[in-house]
Amino acid sequence: MGRRILVTGLGTFWGGRVAQALEAQPDVDVIIGLDTRTPSVKLERTEYVRSDENYSILSRIVAATGVDTIVHTFLVVDSTQMAARSMHEINVIGTMNLFAAASAPGSTVRNVVVKSSAHVYGASAADPVWFTEDTRRKAPLRTRLERSLVEVEGYVRDFALDNPHVRVALLRFSNVVGPTIVTPLTKALRLPLVPSIFGFDPRFQFTHEDDVIRSIQHVLDHDVAGIYNVAGDGLLPWSEVAAICGKRTIPMPPFATGLAADPLRRLGVDLPPELLTLLRFGRGVDNRRLQRDGFRYEYTSAGAAQAFVEASRLRDTVGDHQPAYRYQRDVELFFRHSPSVLRNQASVESKS
Amino acid sequence: MPSKAAGPQGATRAELVPVPALVPPDEPPQHLPDPRRSDVDEWGRSEHMRELSRRLYDPLYSKWFRVEWDGLEKIPDDGGALMVANHAGAIPSDAPASMHGIEKELQRPVYGLADQMFKTLPVIGTLWSRAGGVVAHPDNAYRLLREQKQLALVFPEGTKGPSKTFNQRYQLRRFGRGGYVEIAMRSGVPVVPLAVVGAEESMPILFKLPAVAKALGIPYFPITANMLAFGPFLGPLSTAAYFPAKFKIKVLDPVYFDVEPDQPRYSRSRIMEASEAIRQQIQEALYDMLRTRRSVWFG
């Protein structure tokens, strides 16, 4: 029997792409996707279940489908997306319910992969240049996003301790960029002038979105467990990032930066507090542990930034060259469950 | 139990040996495209900027302070080493002088480990980092010394050195809690002590204004002799104008620690003992150098 995988956050960039990648693997029997929103990418055989944001139906789904693996990608790492309260519901309460379901008596779950963020390390002047997975964060927890992510990681740790028979992998991604993903960082880099803080030229590390998906797949394929940083090699000064993007920077005042960022927010340029501290101090994470466990990156930090800017140049010129996907429930249900489709599939398979 | 150790590859063994890499080790190293535009390295140092600052600083080094070295050959030509020195002058002039001298004479980059305070300052923090300043975090020091086999310079007195007033010159402060010894032990590198004479007189502190320092959020706010002497001509620039004190830097014998590197912890008493011995050596060397110094300005 192949693997039975539950993907949370199917409507997000991460969940959708992970499900797509899993569909291509023949040894994956069942893929079930959970989200409050409909999927945003085209999926062939993933089954989508709409849930409320804190996953109260999750234990029933786990019991009914007998999944052996949960890929938890539904963690909000962008505080501009939603109000603090719903972020708390999704991140903290959602994860809590997820682990409650996974550790229920008789649970079939044996693997859990959680997508976290390098934001758990914070950013401050006292930081080391490279955070290893074991380095304690130096900055006090200031923002709601960081607090919620650290709380989530606490649940992950507790779950791993309480369930030694379950393989738990926690991946911390750093500044993901790429052709399709949209984050406050990519939005800032697509502005005509890239915001910076006067007198600071912090160093940034980027992860290409393909490496994100590949790393999750790697963890699933090789039964890797533990905490891993995922980020491209190398650190780039912010001025160099702007240069790669072919842009000039526009400095914000180094004091009362939050006040200066406020009018920008009204103009639609939302720089969340996490990004503002990054623009001051930057952050590097040591990516060698996952490489020691066999993972190979396809992009360096500079390569990821370059790939991002090339894709956005193309998009600025020709628009979205791939037709946008819209989830239509009736169509998806038809392809998955219609007797005629299933019969036809069975006859094609028996012939080949 | 030998039978168990020699037994088949069971779960007990797998837990004790490191998990083998999933990729065969003979895989050729990856060469990913890396479209960099600047030469800023992972530490934030730019060789280009370093070159520029060397050119600007050299007249100050050779004409103003007339830095003289003794025992430069004791600094290793290759491999990591942690250099520790006494720290003095309201804006310490010993750090750039020793970094410049070693880079000039040995053609090896030197990374200056310093307080995180630099990183919080706009413009200065960036320049400091591009010129080879690195936050003194144990992880940074380990990576520099052990993995990259670089030279690093640290002032274990921290701000307690430069903040002392002129009447306490050349009286070494406590060497922190000996963290630098622990780092050197863990990295398996020697500590090379440096004794610097001249920095104290290049910018002596007459008195300090603690209330101002507190308001500005900086460790100390000094009123220096330089401000009084140069103030009438240079105005605010006088805060950064040094007196032309003669610099002498003596390199002491490298201290090797007879311990295994990469241990999770080292004996605290051993660390404190070694740290105190190194402090004592530098202190003695300073007294010797001061005994033979005839003039503050001419050496």
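This is a predicted model: local features need pLDDT of at least 70, side-chain atom pairs count only at pLDDT 80 or more; totals for chains, interfaces and linings use all residues.
Trainee: What makes chain B a chain of two domains, and where do their bounds lie?

Mentor: Chain B is divided into domain 1, covering 41-203 + 244-292, and domain 2, covering 204-241. These bounds come from an automatic or database domain assignment. The centres of the two domains, taken over C-alpha atoms, are separated by 24 Å.

Trainee: How many residues of domain 1 of chain B are said to be in contact with domain 2 of chain B, and why is the word contact used?

Mentor: Contact requires heavy atoms within 4.5 Å.

Trainee: What polar links are counted between domain 1 and domain 2 of chain B?

Mentor: There are 4 residue pairs in polar contact, both residues being at pLDDT 80 or more. The side of domain 1 of chain B that touches domain 2 of chain B has 6 nonpolar, 5 polar and 3 charged residues. The count of salt bridges between these domains is 0.

Trainee: Why is the pair Glu147(B) and Arg288(A) called a salt bridge?

Mentor: The rule asks for a side-chain nitrogen of Lys or Arg within 4 Å of a carboxyl oxygen of Asp or Glu. In this pair the closest N and O atoms are 2.9 Å apart; therefore Glu147(B) and Arg288(A) qualify. Between chain B and chain A the count is 4 salt bridges.

Trainee: What else describes the interface of chain B and chain A?

Mentor: Here 32 residues of chain B are in contact with 38 residues of chain A. The two chains bury about 2,900 Å² between them, with 53% of it on carbon and sulfur atoms. The rule also finds 16 residue pairs in polar contact across this interface.

Trainee: Which residues lie nearest the centre of the largest cavity?

Mentor: They are Pro202(A), Arg203(A), Phe281(A), Lys119(B) and Ser129(B), among 26 lining residues. The largest cavity holds about 310 Å³ of space, and the whole structure has 4 cavities of 30 Å³ or more.

Definitions and conventions: Residues are numbered from 1 along each chain as its sequence is written. Chains are lettered from A and ligands numbered from 1 in the order in which they are written. Side-chain values use heavy atoms; hydrogens and water are left out. A polar contact is a pair of N or O atoms within 3.5 Å; within protein, one must be able to donate a hydrogen and the other to accept it, and residues adjacent in sequence count only if both atoms are side-chain atoms. Ala, Val, Leu, Ile, Met, Phe, Trp, Tyr, Cys and Pro count as nonpolar, Asp, Glu, Lys and Arg as charged, and the others, Gly among them, as polar. On a 1 Å grid over the protein atoms alone, a cavity is a set of points where a 1.4 Å probe fits but cannot get out, and a pocket is an open set with protein on both sides within 12 Å along at least five of seven lines; lining residues have an atom within 4 Å of a point. Grid points are joined across faces, edges and corners, and a volume is the space filled by probe spheres set on the points. Buried area is the accessible area (1.4 Å probe) that two parts lose on being put together, summed over both.
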